[in-house]
Amino acid sequence: LAAVPRLVAVSKTKPVALLEGAYAAGARDFGENYAQELLEKAPQLPDDIRWRFIGHLQSNKCKPLLARVPGLVCVETVDTEKLARKLDAACAAAGREGEDARLGVMVQVNTSGEDSKSGVAPREGALELASFIASDACPHLRLDGFMTIGAPGDDGAFGVLAETRDLVAEALGVDAAGLELSMGMSGDFETAIAFKSNSVRVGSSIFGARAYPNKA
């Protein structure tokens, strides 16, 4: 049987009380888009929550996140060598030493080619950054896979991400099954699962429509 995809409850802009409700219902994987919001929420919630950062991360936020959110298991939005270096240094500063303490990271891939979307180019662009993360340059990071935010209605994005993962796995000489695909959100997670997504990021279907206050 195929493994059941991870359900990441995307809780950006939602109050702690709603996260507590999702936790009581069994959710343990939560995704946040804003560093400041994660820094504020994490201390108020149970220690066994697995936090995943899924928004654009400014490099100056790496150190506080690693220092103050020990439950941070993955940053899914790495798209530059600079950010990878900053995260690696932040892990070292936070004392995350040893193979089991490495921070999981995903390479964000811009599968739609939209200027408004972050991420490296598919295939060769992703390979270059993934190779850097997997090298000795980032001993405190673990390459967990690839993430994308496809254009609405563009199911082809999922196939592109899967192709990219397979190309990188072959180039690095690792098992493709060991590199996850994070793709699919509230509107298209069922299609993403059909394309073998390992992790879906669902917010409004769990918490309802959200407001977007200004965030630093």
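Tutor: Buried means under 20% relative accessible area, exposed over 50%, and partly exposed in between, with a 1.4 Å probe and protein chains only. This is a predicted model, in which local features need pLDDT of at least 70, side-chain atom pairs count only at pLDDT 80 or more, and totals for chains, interfaces and linings use all residues. Residues are numbered from 1 along each chain as its sequence is written, and side-chain values use heavy atoms, with hydrogens and water left out.

Student: Does Asp 166 count as buried, partly exposed or exposed, and which residue does Asp 166 meet in a salt bridge?

Tutor: A salt bridge is a side-chain nitrogen of Lys or Arg within 4 Å of a carboxyl oxygen of Asp or Glu. Asp 166 has 39% relative accessibility, so Asp 166 counts as partly exposed. The N to O distance is 2.9 Å, and the partner is Arg 165.

Student: Is Arg 165 buried or exposed?

Tutor: The relative accessible area of Arg 165 is 12%. The cut-off for buried is under 20%, so Arg 165 is buried.

Student: Which residues are linked with Lys 41 in a network of salt bridges?

Tutor: Lys 41 pairs with Glu 37, the closest N and O atoms being 2.6 Å apart. These two are four residues apart in helix α2, so about one helical turn separates Lys 41 and Glu 37. The network links Lys 41 with Glu 37 and Glu 32.

Student: How many salt bridges does the count come to?

Tutor: Another pair is Lys 117 with Glu 114, the closest N and O atoms being 2.6 Å apart. By this rule the count is eleven.
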